Amino acid sequence: MDNGRNTVAERQVVVVGAGNAGLCAGIAALQAGAKAVSVLEAAPKQLRGGNSSLTRTMRFSWQGSPFIASLLREADNERVDEILAGRSGYTDEQYLRDWLAVSGDQVDVALIESIIRRSTDTITWMRDFGQRWAPRPTPLPGDVPIVLDGGGQSLQDRNFARFEQLGGTVFYGSAVTGFEKTAGDRYLLDGSGPAFPMVADALVLASAGFEANTRLRERHLGEEWRDVKLRGVPFNEGAPLTAAIDIGADTAGNWEKCHTTPQGINLPDHMLPGQMHKSHGLARYAFPLGVVVNREGRRFFDESGGYSNLTYVTLGQKIQEQPGKIAFQIFDDKVFSAGSLPKGYVGDPASVSVSSLEEGARRLGIDAANLTAEVQRLHAGQAEKRLDTPPFLFVPVVCGLTFTYGGLSVTPDAEVRGGGEPISGLYAAGVIVGGLYDQGYPGGTGLMAGAVLGRAAGTSAARHAIRSRGGEARVGTSAG
């Protein structure tokens, strides 16, 4: 990899990607004794945070109200009983059951089990360096009862602060385009931006999937995904993932599926850090309270098949397969008058409130005869799912792509495998890891898996770096 530059920055541990997984890796590496740890971030500093900054939920195992109280910001400590509303806990067994029920069993079950077993301890670790949670503002059935205080943006602000307090450095606008192993069993990285070239004793890949790469989307997901809108940031092009495969890393997971969700039709082409509230305002996850049809007026999804936080990704995937890549969620006045719909629904300028199903179908270009027949069949089979009280609210929805499922094969210690065995000094965390999801995604597991594997990757990378240099790695610069 000859780029014409002869000054090579040396680090014990380099982390590629400054999302939650990458920063957890950086923090853990510094806590494990590494002295020269850098994170490379493709985005400019003013747009730092990644997809992690746009979410707010982490799903973890827990038992008892004292544990939940220990996570909450001080202002909410007195509300524990109200927040939990009779819940006593969420066991590892329940967690695994929910995960596999949604993802399917064509996943790395051993890896998932190891993540779940470490989720409670990892949450405690995050609390100890400053993370805090708050009550979920408008919980739907099945939701995790608490969310990150300040959401993903505050999560990331606290992650960056802790990483830098410990002595870590972040290089912004530094996108890795490739890397190779040197004769000294180190990693030489190249790319665009101020960080390169750089050499690392240990390398952690936490740079997400290939969701922002049109070419790779079309190649792996299919032509219909060429122009899909991103619910996440536009920086995840997949180059580090491709580079790892090029040096022999094993792949895992379903490369033909991805995390997608139902979104309002005003979803922009992509989201940016700092837009968490806009992102959540565009979410259309209240579908279990209504009926979902396509432009032909036909139901294509069982809205009652599970809690929305366990089935919303499946709905997002199926919307992309419908005529015009659009669907319509329909609610009657029983739902609307009860105040059950999130604010984003009520204020959606694309939604219409009408006195009859036929009028709504006409205004939005839906086959009215098919819609009426579908509702009649629904009434005959599901008395609790009646759509019979006008006015009716029609909400058009589209698919928003968050991240891809195909990635690298890793051990529970976050070691990247090559030929079935760990590749020395190479680790991965976050959604660049494959094998976690196949058909669907249970809400809140992405941040949790990223934190667990990020912590493991950083710890493992630091130990490898220190050991490889006889207890102390070289730092600084050298002539290349």
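How much space lies in the second largest pocket? About 300 Å³. Before I go on, this is a predicted model, where local features need pLDDT of at least 70 and side-chain atom pairs count only at pLDDT 80 or more, while totals for chains, interfaces and linings use all residues. Residues are numbered from 1 along each chain as its sequence is written, and side-chain values use heavy atoms, with hydrogens and water left out.

Now, what do I mean by a pocket? Rolling a probe the size of a water molecule over the atoms shows where empty space is left. On a 1 Å grid over the protein atoms alone, a pocket is an open set of points with protein on both sides within 12 Å along at least five of seven lines, a cavity is a set where a 1.4 Å probe fits but cannot get out, and lining residues have an atom within 4 Å of a point. Points are joined across faces, edges and corners, and the volume is the space filled by probe spheres set on them.

By class the lining has seven nonpolar, three polar and five charged residues. For the classes, Ala, Val, Leu, Ile, Met, Phe, Trp, Tyr, Cys and Pro count as nonpolar, Asp, Glu, Lys and Arg as charged, and the others, Gly among them, as polar. Strand 4 (89-90) and helix 4 (92-103) each supply at least two lining residues, and helix 4 gives the largest share, three. Those element numbers run from the N terminus and follow DSSP runs: H or I of at least four residues for helices, E of at least two for strands.

Gly443 is 300 residues away from Asp143 in sequence, yet the two are 8.3 Å apart in space, C-alpha to C-alpha. Gly443 sits in the loop between strand 20 (421-428) and helix 15 (445-468). Is Gly443 buried or exposed? It counts as buried, because its relative accessibility is 7%; the cut-offs are under 20% for buried, over 50% for exposed and partly exposed in between, with a 1.4 Å probe and protein chains only. Leaving aside neighbours within four places in sequence, Gly443 is in contact (heavy atoms within 4.5 Å) with Arg59, Asn309 and Tyr312.

Over to helix 6, residues 151-165, where we find Gln156. Gln156 is buried, since its relative accessibility is 0%. So what does the side chain do? A polar atom of the Gln156 side chain lies 2.9 Å from the backbone oxygen of Ala18. Beyond its sequence neighbours within four places, Gln156 has contacts including Gly19, Asn20 and Leu23. Ser154 is in helix 6 too, but at 22% relative accessibility Ser154 counts as partly exposed. The Ser154 side chain reaches the backbone oxygen of Gly150 at 3.3 Å.

Last stop, two helices with a buried face. In helix 13 (residues 357-364), the buried residues are Leu357, Gly360, Ala361 and Leu364. Looking down the axis of helix 13, they fall within an arc of 100 degrees, so they line one face; the arc uses directions from the helix axis to the C-beta atoms. Their cover includes strand 15 (327-331) and helix 14 (368-381). After helix 13 comes Gly365, with a positive phi near 75 degrees.

Helix 8 (residues 239-246) has Pro240, Leu241, Ala243 and Ala244 buried. Down the axis of helix 8 these fall within an arc of 165 degrees, so they too line one face. Strand 1 (7-16) and strand 10 (198-205) are among the elements covering them. Gly248 follows helix 8, and its phi is positive, near 110 degrees.

How values were computed:
Polar contact = N/O pair within 3.5 Å; in protein donor to acceptor, adjacent residues only side chain to side chain.
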